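Dear colleague,

I am handing over the structure that follows, and below it you will find my notes on what was found. Please read them with the model open beside you.

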Amino acid sequence: MNLWESIRIAWNGLIGNKIRSLLTMLGVIIGVAAVISLISIGQGVTKQVSSQIEGLGTNLIVITGMRNLGGVLESSDVELLKKAESIAKVAPSISQSDTTVKWGNSSMTANVEGTNQDYPDVRNFSVVEGNFITENDTEKRKKVAVIGQDIVKEFFAGRSPIGEQLTINGQRYTIVGVMEQKGEVLGQNLDSNIFIPISSAERLFGTTKLRTIYVQAASTELAPVAVTDITNIFEAKFGKPDLVRVTSQDQLLGTMDSLSKTLTMMLGAIAGISLLVGGIGIMNIMLVSVTERTREIGIRKAIGAMRADILSQFLVESVILSISGGIIGIIIGIVAAKTVSSSLGWVTVVSLWSILVSFSFAVLIGVFFGIYPALKASKLDPIVALRRE
Amino acid sequence: MAVGNKVLRLAGINKFYGMGETQVSALVDINFDVDKGDFIAIMGPSGSGKSTLMNVLGCLDKPTSGEYWIDDNEVSQLTDDELAYIRNQYIGFIFQNYNLLPNLTALENVELPLIYRGMGREQRKEIASEALKKVGLEDRMFHKPSELSGGQQQRVAIARAIAGSPALLLADEPTGNLDSRSELEILDIFQKLNQQGMTILIVTHDEVVAEHCKRIIRVKDGLLVNNQKIEIRKDANDALQSIEIGADVG
């Protein structure tokens with residue numbers, strides 16, 4: 001007997017009990033749909049996090065001083081760092097959040113950050129109107145400011161803020177530029193920033209201690225070299241190691257990547273378990289089906305069906321169940337992923353591998369859980385089977 | 001063939017059910033041969049073991065001891081799949097309770113043994129509808145068993161058994177549920193098949209049915225008590241024609 005006959009016989013068997021076949025498939029449908037949609041959410045998170053980290057800057061390295069241990073960063077360190085060949089650009093940062101900013105009669109709180117002309121390149125954050133702080137501004141300690149979109153919205157809705165004067169901590173600053181919309185990057189809202197020259201900020205905040213120095217490595221290949229160079233520079237400066245923390249974008253990406261991969265795998269595993277439960281459902285129903293159809297099996301054997309014929313009939317039944325369940329599950333899984341991204345605004349990535357993996361897993365489950373009932377059916381003694389009512 | 005032109009040979013066949021004191025002997029030391037082209041009625045009261053004998057003959061049940069030869073094959077030496085092959089190729093079995101698959105049409109039921117022979121769809125359909133025509137059910141081919149009367153279901157079962165032109169036809173009470181006219185029609189079919197060389201064994205408790213056969217084997221309490229040739233054999237075709245003449249006159 002060829003495969004087509006087996007499929008035809010199995011198909012008729014399934015059609016003969018539509019509701020039961022559908023309910024059996026439901027386990028696989030839910031399993032496959034869950035695998036696809038949950039993995040798509042996990043991968044969406046991965047994608048979003050990586051794009052945020054990449055958005056922080058190109059070949060970015062962040063240096064933070066261990067202040068309480070004596071690891072104090074200063075503006076003079078910038079010139080020191082620029083001497084290293086592995087380093088392209090250096091932007092110091094000194095900042096104060098919740099600073100009161102006034103324009104006319106209105107006021108708001110903003111994050112005021114002092115930096116230099118390299119900041120837009122290092123942080124991958126550019127000006128949309130006017131210009132950023134220049135080298136000249138820093139040298140002359142000019143009172144100029146570049147504002148983020150939140151400040152524009154708050155004070156200058158629909159008007160150009162260039163040339164307007166802001167009062168920061170009682171000092172007047174002239175607006176020379178406006179930053180592009182950046183949104184929240186890793187929990188930090190860059191749109192509520194006001195940038196002023198580093199030299200002005202030192203005076204405004206009354207400190208020369210930098211919070212952070214942002215460094216751009218000369219190239220992606222040189223990023224690890226730059227990290228070593230920076231570590232050496234500060235070790236030489238302080239006379240002992242580990243007083244600054246140097247974090248490269250690669251490290252950050254790597255950490256986040258492994259974190260979100262773990263998340264994806266966990267979601268996939270949970271969904272995989274439901275697929276397994278669906279498989280057990282198939283086995284359960286197939287066993288019931290074999291018991292119920294003992295007489296049919298007896299008749300088929302009595303008129304010449306061999307063991308392989310009966311085996312393939314029942315095995316094909318369970319494989320048809322798992323394949324159709326798998327296909328329906330794929331469709332529902334994709335629709336669910338799209339619905340989640342459109343209704344909740346989450347990024348979801350339906351990947352081909354999750355479809356292939358869950359589908360082949362479903363088929364394997366059909367075969368694996370179908371074998372036992374099918375073997376049981378094929379081993380029935382015809383005369384015993386015929387006597388069964 | 002093992003012995004001359006014998007199709008079947010039973011030598012010292014025993015069939016016991018259960019063990020020890022509760023052991024029941026269904027068949028005790030059964031010995032007989034069946035020639036090619038024979039037409040045998042197996043008779044006996046209920047519980048005499050005739051159905052068990054039928055199941056053994058049909059390779060559905062294995063004897064506890066003794067030898068059962070089909071051509072050159074000793075059945076107890078065969079594997080399950082070899083038995084399935086013999087059932088499929090050499091034996092047509094008509095069950096007392098029809099044993100049709102309820103969710104298949106009459107035609108599909110008749111096709112079943114041919115499917116397991118690996119026969120193609122077209123040829124299968126042709127042979128199956130031919131067999132249904134032989135039993136007078138050409139207009140019921142696409143009905144399911146539940147839509148057919150008992151007599152019609154029995155005829156579907158007969159069609160299924162003869163569709164594959166088996167060398168051996170085994171029938172367990174094939175006319176038990178039929179009216180006398182249908183009974184004659186079935187017996188007519190059997191006699192024609194027998195004339196064409198098919199070896200037929202039927203279990204019956206009806207002496208009239210038995211008189212259409214060539215030989216009667218009587219079984220009682222699992223023992224073969226009588227094996228006699230029928231001297232004056234009835235012809236179902238003659239009877240059918242006389243009924244028709246009678247119907248015309250009446």
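The C-alpha centres of domain 1 of chain B and domain 2 of chain B lie 21 Å apart, where the domain bounds come from an automatic or database domain assignment. This is a predicted model, in which local features need pLDDT of at least 70 and side-chain atom pairs count only at pLDDT 80 or more, while totals for chains, interfaces and linings use all residues. Residues are numbered from 1 along each chain as its sequence is written, and chains are lettered from A and ligands numbered from 1 in the order in which they are written.

In chain B, domain 1 covers 1-88 + 168-250 and domain 2 covers 91-165. Their contact takes 21 residues from domain 1 of chain B and 18 residues from domain 2 of chain B, two residues being in contact if their C-beta atoms, placed from the backbone, lie within 7 Å. On the side of domain 1 of chain B that touches domain 2 of chain B, at least two residues each come from α2, β7 (168-172) and α6 (180-195) of chain B; helices (H or I, at least four residues) and strands (E, at least two) are DSSP runs, numbered from the N terminus. That side divides into 11 nonpolar, 5 polar and 5 charged residues, with Ala, Val, Leu, Ile, Met, Phe, Trp, Tyr, Cys and Pro counted as nonpolar, Asp, Glu, Lys and Arg as charged, and the others, Gly among them, as polar.

Helix α2 of chain B (residues 80-89) has as its buried residues B:Leu83, B:Ala84, B:Ile86, B:Arg87 and B:Asn88. A residue is buried if 20 or more other C-beta atoms lie within 10 Å of its own, exposed if 12 or fewer, and partly exposed in between, with C-beta atoms placed from the backbone. The buried residues of α2(B) pack against β4 (65-70), β6 (91-94) and α3 (106-115) of chain B, and also against α10 (294-302) of chain A.

Between the chains, the contact takes 18 residues from chain A and 19 residues from chain B. On the chain A side, α10(A) gives the most, with 5 residues, and by class that side has 9 nonpolar, 3 polar and 6 charged residues.

Chain A itself is divided into domain 1 (3-52 + 254-387) and domain 2 (67-242), and the C-alpha centres of these two domains lie 56 Å apart. A:Arg20 lies in helix α2 (residues 18-55) of chain A, and A:Arg20 is partly exposed because 15 other C-beta atoms lie within 10 Å. The C-alpha atoms of A:Arg20 and A:Ile285 are separated by 8.1 Å, although the two are 265 residues apart along the chain.

With best wishes
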